[in-house]
Amino acid sequence: MIMTIIPLFNLSLSWKPASKTFRLKKNVEIDLPDDAIEYLSNVYPGKFIVKTIDLMSILEEQDNTELLVKQNVYEDNSLFSLLDEYEEKQSIDVKKVIEDALNKNIIKKEGIWYFFENEKICNSIKKLKSIMEQDSELLSKVNSLI
Amino acid sequence: MATGTVELAAKKLMVALAISAELEEDAVLPIVPVIRDDMAKAFALAEEDTFINGDTTHAATATDPASATTDNWYSNDKRLAFNGLLKVACGTSVDAGSGSLTLAEISEGIQNLDVYGRDKSELLLTVALKEESTLRQLLGINLAVNQLGLTGTALPGEIGKVWGIPVVATNVMRTATNGTTKSMIMNRNAAIIGDRRIFTIKSSDEVLIKSDQLLIVASERLAFAAQYCEAIVTIDNIK
């Protein structure tokens, strides 16, 4: 148990056992040695509000806090998964990129062949899609030009 | 510090004493001047007691001085005339924690006087008689000329100076029932004393002519008030 007091008047307490002067201010909570609190309670009855703090309850409170922190961490992990999902949703639609690229002549089609920057990529739209899905660098490059 | 109104209500202190003609005739010394001197001294002590310990609302139902106690004064007690310095003090007090008076506590008291403690020459430290020796041991204070200086002056009753502050030890700083005493550090401008009638002695052998007695009456009308209660700080629970 820890005791603190809230004085109802101003007082300078010269407490010799602690070789210290405690300046008590009205309505301001102060932590004092137990013997000083006992002395003040005897000398100035009714002039202080004595507050007792149960250490065990503080420790329990701390445990709860830790639990809460853990919960938050857990929730943070779930957030990561949510973020991944979001990113997935935001990922590039390869089919749409190919359509846009063809419309804007970024990818050119000559006969059955598809060209990008004058380089032959493949000879069918299905192959082009699979190449673009696998080659993220190519995909992002085309997407950026769109 | 603020401006305000201070009310000075004059109160009369009075003593009447009847002495027989034989007392004066048979005395080796002229007795009337001796009685007058005693009365003057008693008035001075009464004033000091009232100015320090006065309390107009103190319980006072004892019918004579002999049956009076600390908690219940004589119904005509002089201290009922005014609220004294200890009663009106409202500066942040210092509690000595049931220990002896220390310089640190005096220093703290000066600090608690705040603006009123700035000019040390205006301050006065009043201690109980039993603290006089404590202070002498602490500081070796005395009124040697080399400490006061050639132009230095001492207040009546002054036993020395602490950091330039005059110290007065008095018996009217009483010991409480729990064995503790108080000291008081104050700015001397905190209190106002007004004299309506200075100490006056009258004597007559005509009033009590039937009993052949001489009646000596001493009286004084004075007022006392504290204008700055923050300028008075007590150091309590000194043991």
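Just after helix H4 of chain B (residues 103-112), B:Asp114 takes a positive phi of about 55 degrees. Helices (H or I, at least four residues) and strands (E, at least two) are DSSP runs, numbered from the N terminus. The model is predicted: local features need pLDDT of at least 70, side-chain atom pairs count only at pLDDT 80 or more, and totals for chains, interfaces and linings use all residues. Residues are numbered from 1 along each chain as its sequence is written, while chains are lettered from A and ligands numbered from 1 in the order in which they are written.

Within H4(B) itself, the buried residues are B:Glu105, B:Ile106, B:Glu108, B:Gly109, B:Ile110 and B:Asn112. Buried here refers to 20 or more other C-beta atoms within 10 Å of a residue's own, with C-beta atoms placed from the backbone.

H4(B) also takes part in the meeting of the two chains. In total, 13 residues of chain B are in contact with 10 residues of chain A, a contact being two C-beta atoms, placed from the backbone, within 7 Å. On the chain B side, H4 and strand S2 (93-99) each supply at least two residues, and S2(B) gives the most, with 6 residues. By class, this side has 3 nonpolar, 7 polar and 3 charged residues; Ala, Val, Leu, Ile, Met, Phe, Trp, Tyr, Cys and Pro count as nonpolar, Asp, Glu, Lys and Arg as charged, and the others, Gly among them, as polar. S2(B) runs parallel to strand S2 of chain A (residues 11-15), to which 3 bridges join it; strands pair if DSSP finds at least two bridges between them. In this pairing, A:Ser12 has B:Val94 as its bridge partner.

A nonpolar core is a set of buried Ala, Val, Leu, Ile, Met, Phe, Trp, Tyr and Cys residues joined through C-beta atoms within 7 Å. Of the 36 residues in this core, B:Leu85, B:Val127, B:Ile185, B:Met186 and B:Ile232 touch the most other members. Leaving aside residues up to four places away in sequence, B:Val127 touches B:Leu101, B:Glu132, B:Leu135, B:Val167, B:Ala169, B:Met173 and B:Ser183. A second, separate core has 8 residues, among them A:Ile5, A:Leu13, A:Leu24 and A:Ala36.

Technical notes: Buried ≥ 20, exposed ≤ 12 C-beta atoms within 10 Å, placed from the backbone.
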